[in-house]
Amino acid sequence: MTRQIPTRLAALAVVGVLLVSLPLLGLLARVPWTGFLGDVDDATQALQISAVVSALATLAAVTLGVPLGWVLARGTFRGRTVLRAAVLLPIVLPPVVSGVALLASLGRSGPVGGLLDDLFGITLPFTTAGAVVAATFVAVPFVTLVAEAGFRGVDRELEDIAATLGAGPWRRFRRVAIPQAAPALAAGVVLGWARALGEFGATITFAGNLPGRTQTLPLAIFFELEQDPEAAFSLSVLLVLVSVAALAVARRSWVR
Amino acid sequence: MQVMAAALLVMVAGACAGPDSELVLGVASSLNEVSADLAEAFSAVSPDGDVQLSASGSQVLVSQVRGGAPLDVVLTADAATAQAIAALDGWGDTVRVAGNRMVIAVAEGNPLGIEAVSDLANGELTIVVAASEVPAGAYTDELLRRANVRLIPASNEASVRGVLTKVRLGEADAGIVYQTDLLVGGITGVPISDAINPTVDYYAVALESGGSRATEFVEFLLTSDGQQVFAKHGFAP
């Protein structure tokens, strides 16, 4: 039996690889490596904001996404498909639409945002918390999707055995399901974090752009492109490297 | 396979089309509406082909020209951006085509009673401005410097339209925009005294890819027909 890949498929696959990789190679070619560390150093403020926002967003996304993944994997209620579609929607939604939706609902004059403002004096737009909300909004689906897949792989017999030994549902979830799904959950954390780190459209639309408060690294790159394109190239490469690392980590915990 | 190859061919052909008859205008955000009318008026006198519009922040226009976007004419909201684009393209000259002033945009009816630029220094207010990287932001910086007002904005928006939107939606209490932006409605403008208000100049640059039709368009902007369209949208000559 031959396992050769048909030539026409291979040719199109090569075009696909080039399309995806050439822009990144072009970026590497344009980076002023001598000034790289200096450019990164100048962006310390944006780096700090990105670190804080992506960490908090990941924490929130895991707190909400893991239970959602469990509900979707184990729930037998009607409307589960609709629920899954609703939760996963931000993955395919244009980020600017996510931002517009957040602004319409959580903005100062939105129904939920207005309530937050009236009751607690909390306004989300133009705050670091708003940037966290925007990043969480887009990160939750990734965590949910991967967590659901992980929970589906959990051996139910082990849970049944735990049940016969007297373990309640929460204990079975924590002591049996979580350890088995751990690699998938780790991958979900990394993917969710990477998505939160890269968030641009929803952030600039909902949280605005203020250095030291809501200007994350992607926003800084967008504005730097006009002032100092070379610095924008350096910061872009930094994010490419971080993304590559994130994919490598996610893959290692996923494929085992 | 043939279908896919054909689809690819169409996509590539589509990406390359343009120089013959279609004229693509890259315009600064604040020129979005007037440009649509200018394009229509120009089509009436020069019906050779479509005129397409692409509006973005001026800093994006520079990146687009640098990146080889298929633009034929660029309209910017300041001299510096136009000069940068003319230098990148190395073909047409910058031509001043219209003027504008800055104004404080507040919610309809001015419920907070904002009267002057100095009122914006109040830390209780949520103020948005355009980022220094875009022309409206550079004009705003100049205006605040002249007024000797230091304000801490809630956001440096990517375009002047972003500022306008945040005020219109009630997310911000005030913002600094162009006089002409007020025509979109749903918003009240508080005038800024002439002593501190910078003069805003709009420039056009015909790019090499647009050829003679691009030059023709820029010349049209200076005719009485073109200037009338600008005036209708609140621009100064």
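**Two chains, one predicted model**

The contact takes 16 residues from chain A and 17 residues from chain B (contact: C-beta atoms, placed from the backbone, within 7 Å). This is a predicted model: local features need pLDDT of at least 70, side-chain atom pairs count only at pLDDT 80 or more, and totals for chains, interfaces and linings use all residues. Residues are numbered from 1 along each chain as its sequence is written, and chains are lettered from A and ligands numbered from 1 in the order in which they are written.

Reader: What gives the most to the side of chain A that touches chain B?

Author: Helix 11 (residues 217-227) of chain A, with four residues. Helices here are DSSP runs of H or I with at least four residues, numbered from the N terminus. That side of chain A divides into seven nonpolar, six polar and three charged residues. Nonpolar means Ala, Val, Leu, Ile, Met, Phe, Trp, Tyr, Cys and Pro; charged means Asp, Glu, Lys and Arg; the others, Gly among them, are polar.

Reader: Which residues of helix 5 of chain A are buried, and what puts them on the same side?

Author: A:P95, A:S98, A:G99, A:L102, A:L103 and A:L106 are buried. They cover an arc of only 135° around the axis, so they lie on the same side of helix 5 of chain A. The arc is that of the directions from the helix axis to the C-beta atoms. Their cover includes helix 4 (80-92), helix 6 (111-120), helix 7 and helix 10 (201-206) of chain A.

Reader: What makes a nonpolar core, and how many residues has the largest?

Author: A nonpolar core is a set of buried Ala, Val, Leu, Ile, Met, Phe, Trp, Tyr and Cys residues joined through C-beta atoms within 7 Å. The largest has 137 residues; A:V143 and B:V73 have the most contacts inside it. Helix 7 (residues 128-152) of chain A gives the most to this core, with 15 residues.

Key. Contact = placed C-beta atoms within 7 Å. Helix = DSSP H or I, 4+ residues; strand = E, 2+ residues; numbered from the N terminus. Buried ≥ 20, exposed ≤ 12 C-beta atoms within 10 Å, placed from the backbone.
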